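Welcome to this short tour. Please open your viewer, get ready to select residues by number, and follow along stop by stop.

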Amino acid sequence: MAAEHSVGFEPADRLAEDRESVRRRFWRKLKRVAAHLPFAEDLVAAYYCAFDKATPRHVQASLLGAIAYFILPFDFVPDVMPILGFTDDAAVLATAIRMVASHITTEHREAARAALKRGVDGAGAA
């Protein structure tokens, strides 16, 4: 699957191949950082699209690569840096979303809004 997307960052590529690890680690990291993410709704909508069985495999691969990059404990710009910390994550996600935007449906976006409204604590069960 890693060859199907172009994140270009090997640890993210390897992580993207382990869908269950992405599921577990996504919600843990989102819970820690959601308040600092202006792109949280797009990120969660991408997550729902990536795990939707109706989403084509190449789209899932692209989105899983971007999500994997987000959950990695290290990346090009460390997430703990004020203001700049998530700029690289946002850029990777924006690129992936732009490539597959037509596959992120209204239902994915509504599910993302609902999960964020419920609060990240309850979102992992969605």
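What you have open is a predicted model, in which local features need pLDDT of at least 70 and side-chain atom pairs count only at pLDDT 80 or more, while totals for chains, interfaces and linings use all residues. Residues are numbered from 1 along each chain as its sequence is written, and side-chain values use heavy atoms, with hydrogens and water left out.

**Stop 1: what to look for**

Side chains of opposite charge can pair when their charged atoms come close. Our search term is the salt bridge: a side-chain nitrogen of Lys or Arg within 4 Å of a carboxyl oxygen of Asp or Glu. How many salt bridges does a search of the whole structure find? The search gives 3, and we will visit each in turn.

**Stop 2: a pair inside one helix**

Select Glu-20 and Arg-23 and show their side chains, which form a salt bridge with an N to O distance of 3.3 Å. Both belong to helix α2 (residues 19-33), and because they are 3 residues apart there, about one helical turn separates them. (Helices are DSSP runs of H or I with at least four residues, strands are runs of E with at least two, and both are numbered from the N terminus.) Glu-20 is partly exposed, at 47% relative accessible area; Arg-23 is partly exposed too, at 31%.

**Stop 3: Arg-113 and Glu-41**

Now select Arg-113 and Glu-41, whose side chains meet in a salt bridge at 2.8 Å, N to O. This pair connects distant parts of the chain: Arg-113 sits in helix α6 (residues 106-118) and Glu-41 in helix α3 (residues 40-50), 72 residues apart. Arg-113 is partly exposed, with a relative accessible area of 40%, and Glu-41 is partly exposed with 29%.

**Stop 4: Asp-42 and Arg-109**

Next, pick Asp-42 and Arg-109, another salt bridge with 2.8 Å from N to O. Here too distant parts of the chain are linked: Asp-42 is in helix α3 and Arg-109 in helix α6, 67 residues apart. Asp-42 counts as partly exposed at 31% relative accessibility, as does Arg-109 at 25%.

**Stop 5: Thr-87**

Finally, where is Thr-87? Thr-87 lies in helix α5 (residues 87-100) and is partly exposed at 38% relative accessibility.

Notes
Buried means under 20% relative accessible area, exposed over 50%, partly exposed in between (1.4 Å probe, protein chains only).
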